[in-house]
Each structure stands twice: as C-alpha cells, then as structure tokens.
Amino acid sequence: YVTTTDDDRWEEDPVELPGVLVRLGQLYEARGDTAQALRYDGRLLDLWRDAVPQLQPIVAQVRDRVRRLAGERR
C-alpha cells in the first residue's frame, strides 16, 4: 500500500495511511528491523505533526517508540 502510487487514493489515504504506517512500524519492530520501523514511524510523525488533540495519544506512543528504538541503535 505505501509503495504504490494511485491517483485515486486521495480519498483513502487520509483514513487508511496513518494506521498502515503505525502497523508497519510495529511489525518491523517485532521483526527486529529497527531501521524500517523507524522509517515508517517517522513517516507517521511527519504526517501527523500537527494532528488534532484526539490523535495526540497515538503520536505520543509512536514518538516514545522512536526514542526507544533510536536508543537501541546506538
């Protein structure tokens, strides 16, 4: 989903893409692929940089995971 381009996805992406990015971050973390987990988590953080307050708990969870994963990479 995240690697394909489709002009018709402009309606779906605002709803589907954030959840896909979060899940990919989780799956890559579980797999031990920290680089890929950070990649997808970073994309979500960029996308939801100015998210509404209702979405901030998700942003905070992902930001915490990024800090933890980045610390493990050192």
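Reader: Which residues of α2 are called buried, and what makes them so?

Author: They are Thr 34, Ala 37, Leu 38, Tyr 40, Asp 41, Leu 44 and Leu 45. Buried means under 20% relative accessible area. Each of these residues counts as buried in α2, so each falls under that cut-off. Note that the model is predicted.

Reader: What do the buried residues of α2 pack against?

Author: They pack against α1 and α3. Contact here means heavy atoms within 4.5 Å.

Reader: Why do residues three or four places apart point the same way in an α-helix?

Author: An α-helix has 3.6 residues a turn, so residues three or four places apart point the same way. In α2, the buried set includes Ala 37, Asp 41 and Leu 44.

Reader: What makes the pattern of the protein α-α-α?

Author: The secondary structure comes to 3 helices and 0 strands. Read along the sequence, that gives α-α-α.

Reader: Which residues touch the most other members of the largest nonpolar core?

Author: Val 2, Leu 21, Tyr 40, Leu 44 and Val 62 do, out of 17 residues in that core. The elements giving two or more residues to the core are α1 (13-31), α2 (34-47) and α3 (56-73).

Reader: Why can Tyr 40 and Leu 44 count in a nonpolar core?

Author: Such a core takes buried residues of a set list of types, and Tyr and Leu are on that list. Tyr 40 and Leu 44 are both buried residues of α2. Both therefore qualify, and both are members of the largest core.

Reader: What does Val 62 touch?

Author: Beyond four places in sequence, Val 62 touches Val 22, Asp 41, Leu 44 and Leu 45. Of these, Asp 41, Leu 44 and Leu 45 are among the buried residues of α2.

Reader: Which residues does Thr 34 contact beyond its neighbours in sequence?

Author: Thr 34 sits in helix α2. Leaving aside residues within four places, Thr 34 is in contact with Leu 69 and Arg 73. Thr 34 and Val 66 are 32 residues apart in sequence, yet their C-alpha atoms are 9.3 Å apart.

Reader: How much of the whole protein counts as buried?

Author: The figure is 32% of the 74 residues.

Terms used. Residues numbered from 1 in each chain as written. Predicted model: local features only at pLDDT ≥ 70, side-chain atom pairs only at ≥ 80, totals over all residues. Heavy atoms only, no water. Core = buried A, V, L, I, M, F, W, Y, C linked by side-chain atoms within 4.5 Å. Buried < 20%, exposed > 50% of the residue type's maximum accessible area, 1.4 Å probe, protein only. Helix = DSSP H or I, 4+ residues; strand = E, 2+ residues; numbered from the N terminus.
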